[in-house]
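Good morning, everyone, and thank you for making time for this.

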Amino acid sequence: MAGWIHMVTARTPTNIAVIKYWGKRDESLILPVNDSISVTLDPEHLCTTTTVAVSPGFDQDRMWLNGKEISLSGGRYQNCLREIRARAEDFEDNERGIKIAKQDWQKLRVHIASYNNFPTAAGLASSAAGFACLVFALAKLMNAKEDPSQLSAIARQGSGSACRSLYGGFVKWIMGKEENGSDSLAVQLVDENHWDDLVIIIAVVSSRQKETSSTTGMRDTVETSMLLQHRAKVEVVPKRIVKMEEAIQNHDFSSFAQLTCSDSNQFHAVCLDTCPPIFYMNDTSHRIISCIEKWNRSEESPQVAYTFDAGPNAVLIARNRKTAALLLQRMLYFFPPSADTDMSSYVLGDKSILKDAGIQGINDVDALPPPPEMKDKVPAQRNGGEVSYFICTRPGRGPLLLSEADESLALLDHSTGLPK
């Protein structure tokens with residue numbers, strides 16, 4: 001390998017929309033038909049780590065995702081690379097004798113290695129974390145001076161929802177009005193400490209790749225769904241956006257839950273209204289909704305909000321930690337693991353929630369009583385094996401540059417620029 005290698009590693013969270021983005025008004029620039037709002041998930045539990053490197057010894061741009069080399073020829077990758085290269089600035093590292101002039105970035109090739117610590121393309125917004133991390137890391141590598149909002153407009157050209165992963169907390173993607181997309185970008189509504197009572201439990205129903213990709217699904221919906229036209233216009237999403245911003249600012253969980261559940265259900269109704277219809281949720285997803293709805297209705301106010309992206313996995317947002325422990329008890333009652341399961345591999349992320357729920361092992365799951373709202377009803381059916389595992393997390397911070405001093409965090413070898 002000729003000469004030096006300059007390398008940067010970053011970690012970026014994924015996000016889950018509570019007011020959904022579905023449908024583009026411009027396919028190539030990835031401009032949406034409506035605003036959307038998301039919560040960023042704690043990168044300790046769900047994130048993409050990306051290492052980007054540049055060297056005069058590299059002869060072509062190359063990328064490895066989760067250990068496998070993938071092509072960078074796609075328009076979305078090329079857009080992100082082109083936009084960051086155009087904004088690159090002079091870079092100098094006197095200690096290592098590296099000097100890169102602004103104009104040299106166009107000639108230098110990059111190596112990229114990316115790793116998701118959660119399933120790719122299973123409806124957990126892996127592309128959002130992936131493209132956000134790519135753009136954030138490239139900007140740091142090439143000394144670009146853009147702020148997160150400006151970077152979000154570039155990440156958007158990789159994957160629409162990626163623009164919302166450039167910030168922590170609750171984030172709004174403004175659809176914008178300009179034809180060139182210059183005003184279609186993300187802004188932070190509140191940071192991750194604003195509503196830190198919230199606890200998020202994800203039921204991973206399937207980690208398989210989905211049958212209809214979001215890109216294809218959206219295109220079909222825009223072309224065939226009358227319901228989408230109604231949803232995107234003044235009466236529905238624009239009004240929900242205003243109400244959702246108020247609910248978040250005021251810590252109004254009742255309004256937040258009602259809006260989140262309604263918007264998720266309408267998004268999936270739009271998918272069913274598409275020709276041919278798109279089925280992202282499955283029977284297990286529907287059972288989870290039924291469980292939450294029964295519980296919420298039995299209480300004076302909603303305890304948990306549910307939302308489903310383009311896949312069957314449930315994202316359940318509990319109003320506080322005590323409620324989250326009760327939620328986990330209900331989920332384990334209705335969806336117990338198989339008899340030989342180690343509980344620490346069935347509940348991932350913040351495992352301390354198991355202690356709060358009084359669960360140490362499978363015996364404790366077997367001993368769980370039916371939830372009180374099931375009293376006097378038909379005996380509750382337990383659906384073992386339907387949930388692969390749960391992830392317990394919370395609202396989290398935005399992208400983070402990992403220490404260059406700690407070479408162990410890099411996914412590329414410092415001497416060869418190839419995956420470790």
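This is a predicted model: local features need pLDDT of at least 70, side-chain atom pairs count only at pLDDT 80 or more; totals for chains, interfaces and linings use all residues.

Let me begin with the open sheet of six strands, whose order is 8-7-11-6-1-19 and whose pairing is mixed. Strand 8 (68-70) and strand 19 (400-401) stand at the edges, and because each has a single partner strand, one side of each is left without a neighbour in the sheet. Further in, strand 7, which covers residues 62-65, runs parallel to strand 11, residues 109-116, and four bridges join the two; within this pair, Met 63 stands opposite Ile 112 of strand 11. Helix 1, made of residues 75-87, packs on this sheet, where it touches strand 7, strand 8 and strand 11, and its direction makes about 125 degrees with that of strand 11.

The other sheet I want to show is also open, but it has four strands, in the order 2-5-12-13, and here the pairing is antiparallel. Its edges are strand 2 (15-19) and strand 13 (185-190), each with a single partner strand, so one side of each has no neighbour in the sheet. On average, and ignoring direction, neighbouring strands of this sheet are turned by 35 degrees against each other.

Now to the cores. The largest nonpolar core has 72 residues, and of these Phe 256 and Phe 390 touch the most other members. Helix 9, residues 321-334, gives the most to this core, with eight residues. If we leave out residues up to four places away in sequence, the contacts of Phe 390 include Ile 201, Met 331, Tyr 346 and Leu 348. Another core, of 35 residues, lies apart from the largest one, and among its members are Val 8, Ala 10, Ile 100 and Ala 137.

Is Asn 313 buried or exposed? Its relative accessibility is 1%, and because buried means under 20%, Asn 313 counts as buried. A polar atom of the Asn 313 side chain lies 2.7 Å from the backbone nitrogen of Val 205.

Technical notes
Residues are numbered from 1 along each chain as its sequence is written. Side-chain values use heavy atoms; hydrogens and water are left out. Two strands pair if DSSP finds at least two bridges between them. Axes are lines fitted to C-alpha atoms, for helices over the stretch in contact, and angles run from 0 to 180 degrees between N-to-C directions. A nonpolar core is a set of buried Ala, Val, Leu, Ile, Met, Phe, Trp, Tyr and Cys residues joined through side-chain atoms within 4.5 Å. Buried means under 20% relative accessible area, exposed over 50%, partly exposed in between (1.4 Å probe, protein chains only). Contact means heavy atoms within 4.5 Å. A polar contact is a pair of N or O atoms within 3.5 Å; within protein, one must be able to donate a hydrogen and the other to accept it, and residues adjacent in sequence count only if both atoms are side-chain atoms.
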